Amino acid sequence: MPDLADSAFLRACRREPVPHTPVWFMRQAGRALPEYRRVREGTGMLESCLRPDLVTEITLQPVRRYGVDAAILYSDIVLPVKAAGVDLDIKPGVGPVVADPVRSPADVARLPQLDPDDVAPVAAAVGSIVAELGATPLIGFAGAPFTLASYLVEGGPSRDHARTKALMYGDESTWHALAAKLADIAAGFLAVQVAAGASAVQLFDSWAGSLSAADYERYVLPHSRRVLESVHGVPRIHFGVDTGELLGLMASAGADVVGVDWRVPLDVAASRVGPTVAVQGNLDPAIVFAPWDAVAARAGEVLRQGGRAPGHIFNLGHGVLPDTDPDILTRLVELIHSTPTVNGRTDTPIDAGSARRE
Ligand code: CP3
């Protein structure tokens, strides 16, 4: 009888030897899947996140199709903010759009708190997903304070996060008040998911890489740390894009696993996060548009570099691109599962100096 706690994904989170490198994909549920496009037809993104039947079906779709080692809850980082009462929507092909951007102390004071009842449908969905998944772990998630703040302050997606940074640099007390409120919302959303049965959580600070290490440490890290430290009993993954300079700080915020994009080789990332933290990543999501031989070669490189870390969960360096051919991802999972592991229970580490021993 397979055991959830003994799954390859949770073993890797704990930096224990694994039978095969576990793999899942950020944005594995979504537009790349025809079965997703079919069930979503006629239902808005955020509306679908509050329908437990749809959330369950969409979360399970990539597990069925790809045979990945973990599911991630179908939801969105802005869902709890919306559920708490902020007027926002997700525009197809654009992303989150906020009706009244949050820029002044009064705007921050008006931001609502999250009541767990606001996301009761998410708790219901997690319960039914976990029942269906059996020994496959479910990853819950939330948006980190900086990334959530960026959407609220800018009013929508942004390349340079200029208004967010202007608030941060120019009005530090308002910034900290905003980030603290968003930390509470993120912590509350994670608590609901863990209580309902999620086996791990990922904190998405997708846009934190736009900050210098010094600014990250001063303005962001204390708030993200508070979110991660609020989580008890399950592994915590901390992820952002273009965070090569921040990896050590992101680990120190209280992560068991740090997610890495494709810019930093995983063995280098491992040396930055230290020996007590696992790494997750980091195949360039654009590789799927190259011929299979190139995909396989790059995946092999990621496995070799990840094998030098004390724990490795295979993933893309960011989310699945919408035009991805799902069959490539199926093949990729087969390749990863059939590649002997470096940190395996039976295999000898290729680099005994840096690989973990039992
Ligand atoms: O499969 C999964 O990874 C789980 C579901 C998930 C979604 N959003 C579903 C979604 C997760 C983990 C997220 C997190 C999220 N949402 C992040 C952090 C991860 C990252 O990509 O860096 C961010 C920044 C958002 C905000 C957001 N929501 C964006 C930028 C977009 C894309 C806009 C677009 O249409 O290109 C969304 C919408 C969204 N979230 C979709 C999905 C499946 C697409 C909605 C659709 O079907 O139209």
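Biologist: What makes strand 5 (residues 200-204) and strand 6 a pair?

Modeller: This is a predicted model. In it, strand 5 and strand 6 run in the parallel sense over 4 bridges. Pairing asks for at least two bridges, so the two strands count as paired. Valine 201 stands opposite arginine 236 in strand 6.

Biologist: How do you know that strand 6 pairs with strand 7 (residues 257-259)?

Modeller: By the bridges again. 3 bridges join strand 6 to strand 7, and the two run parallel. The cut-off is at least two, so this is a pair as well. Here histidine 238 stands opposite valine 258.

Biologist: Which helices go with these strands in β-α-β units?

Modeller: Helix 11 (residues 213-229) makes a right-handed unit with strand 5 and strand 6. Helix 12 (residues 247-252) makes a right-handed unit with strand 6 and strand 7.

Biologist: Which way do the residues of strand 6 point?

Modeller: Arg236 and His238 point one way, Ile237 and Phe239 the other way. All are buried.

Biologist: Now helix 8 (residues 145-154), where threonine 147 is found. Why is threonine 147 called buried?

Modeller: Its relative accessible area is 0%. Buried means under 20%, so threonine 147 qualifies.

Biologist: What makes the approach of threonine 147 to tryptophan 207 a polar contact?

Modeller: A polar atom of the threonine 147 side chain lies 3.1 Å from the backbone nitrogen of tryptophan 207.

Biologist: Which residues beyond four places in sequence does threonine 147 touch?

Modeller: Threonine 147 is in contact with Ile77, Phe204, Asp205, Ser206, Trp207 and Ala208.

Definitions and conventions:
Residues are numbered from 1 along each chain as its sequence is written. This is a predicted model: local features need pLDDT of at least 70, side-chain atom pairs count only at pLDDT 80 or more; totals for chains, interfaces and linings use all residues. Side-chain values use heavy atoms; hydrogens and water are left out. Buried means under 20% relative accessible area, exposed over 50%, partly exposed in between (1.4 Å probe, protein chains only). A polar contact is a pair of N or O atoms within 3.5 Å; within protein, one must be able to donate a hydrogen and the other to accept it, and residues adjacent in sequence count only if both atoms are side-chain atoms. Contact means heavy atoms within 4.5 Å. A crossover is right-handed if, with the strands pointing away from the viewer, the path from the first strand over the helix to the second runs clockwise.
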